[in-house]
Amino acid sequence: MNNKSGYRVGIHPENMTSIEFAVIIGFFCLNIGIIILGISFLRKHTEELVKALDQSISQALVSIVENVKTELPMSGDINPVQMAVASFIQQMANRPPELKAEIIPRAENGKFTKALD
């Protein structure tokens, strides 16, 4: 359908020429390419920001630890009660668990012969 200016209006895909179809496909591919470039730029920029954030956090943690060391007095003497508790915890951790297993026989009907507590 032509209007007064000579341009076609209301083009349907079956009435499109191959050049029009190629231009539309070209713009579509260009759009996809721009999206891919934008995503890769954002990924790269995000990686740089994460590295900078990681570095600043590590510097802040080092600073905090150094400040805590200077502000809190720590004595080199070990408390005997702490040593006893640490020794007890080590013994409990290294000891294998004590498992008490009792085999309960079954009757001929498949039920257990005595009740479980």
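**Exercise 1.** By about how many helical turns are Arg43 and Glu47 separated in helix H1?

*Solution.* The model is predicted: local features need pLDDT of at least 70, side-chain atom pairs count only at pLDDT 80 or more, and totals for chains, interfaces and linings use all residues. Residues are numbered from 1 along each chain as its sequence is written, and side-chain values use heavy atoms, without hydrogens and water.

Step 1. Helices are DSSP runs of H or I with at least four residues, and strands are runs of E with at least two, numbered from the N terminus. Helix H1 covers residues 18–71.

Step 2. Arg43 and Glu47 lie 4 residues apart in H1, so about one helical turn separates them.

Step 3. Arg43 forms a salt bridge with Glu47, with 3.0 Å between the closest N and O atoms. A salt bridge is a side-chain nitrogen of Lys or Arg within 4 Å of a carboxyl oxygen of Asp or Glu. The structure holds 1 salt bridge.

**Exercise 2.** Determine whether Glu47 is buried, partly exposed or exposed.

*Solution.* Step 1. Buried means under 20% relative accessible area, exposed over 50%, and partly exposed in between (1.4 Å probe, protein chains only).

Step 1. Glu47 has 40% relative accessibility and therefore counts as partly exposed.

**Exercise 3.** Describe the span and cover of helix H2.

*Solution.* Step 1. Helix H2 (residues 80–94) has 15 residues.

Step 1. From first C-alpha to last, H2 reaches 21 Å, close to the 21 Å expected; the expected span is 1.5 Å times one less than the number of residues.

Step 2. H2 is hardly covered, its count of buried residues being 0.
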